[in-house]
Amino acid sequence: MSDPDVRSLTVRDVMSDRLVSVSSSCRVEDALDTIIGTRLRHLVVLGPQGRCRGIITSESVAMAVIAHAVPEVHTVGELLPQAFTAVAAHTSVEEAASLMLSAVVDALAVVDGLRRPLGIVTWSDILRAVASGGRPDRLHHVPS
């Protein structure tokens with residue numbers, strides 16, 4: 001049996017299911033506290049009924065808080081990028097990488113058919129998949 005090809009991988013194969021979400025009405029200051037407390041770079045933003053509205057980065061939250069960089073921004077919903085940056089779990093890693101490049105983002109939410117978050121896939125997850133040659137035993141980072 002041969003090793004799987006990276007091109008056959010889906011985002012479900014490489015995503016992290018460790019995600020932290022906040023409501024779109026969450027204040028940016030509270031989101032910053034969440035980021036600091038969890039040490040994560042991305043927060044999944046949820047709208048009504050727990051549906052994913054997108055992802056915000058620690059950088060965008062910090063810029064909204066620090067020195068009143070964006071004084072008109074009060075909630076994380078206002079920080080969301082214009083493009084909806086989420087994919088289905090069965091999306092290929094290649095398609096996800098292409099979407100990241102075209103949307104100029106470094107992470108995508110992975111959602112089910114009702115847009116509920118299942119996980120998150122980042123550029124480093126995709127690089128790990130490429131570097132491992134798609135071998136399942138080397139896909140997920142084990143923290144040291």
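1. Leucine 43 is in contact (heavy atoms within 4.5 Å) with Val20, Val22, Ala31, Thr34, Ile35, Gly54, Ile55 and Ile56, its neighbours within four places in sequence being left aside. This is a predicted model, in which local features need pLDDT of at least 70 and side-chain atom pairs count only at pLDDT 80 or more, while totals for chains, interfaces and linings use all residues. Residues are numbered from 1 along each chain as its sequence is written, and side-chain values use heavy atoms, with hydrogens and water left out.

2. The largest nonpolar core has 16 residues, of which Leu43, Ile56, Val61 and Val76 touch the most other members. Such a core is a set of buried Ala, Val, Leu, Ile, Met, Phe, Trp, Tyr and Cys residues joined through side-chain atoms within 4.5 Å; buried means under 20% relative accessible area, exposed over 50%, and partly exposed in between (1.4 Å probe, protein chains only). At least two residues of this core come from each of α2 (28-38), β2 (42-46) and α3. The most is given by α2, with 4 residues. Helices (H or I, at least four residues) and strands (E, at least two) are DSSP runs, numbered from the N terminus.

3. A second, separate core of 15 residues includes Leu9, Val14, Val110 and Val121.

4. Alanine 83 is located in the loop that runs between α3 (58-65) and β4 (86-88). Alanine 83 counts as partly exposed because its relative accessibility is 40%. Its C-alpha atom is separated by 6.9 Å from that of alanine 103, 20 residues apart along the chain.
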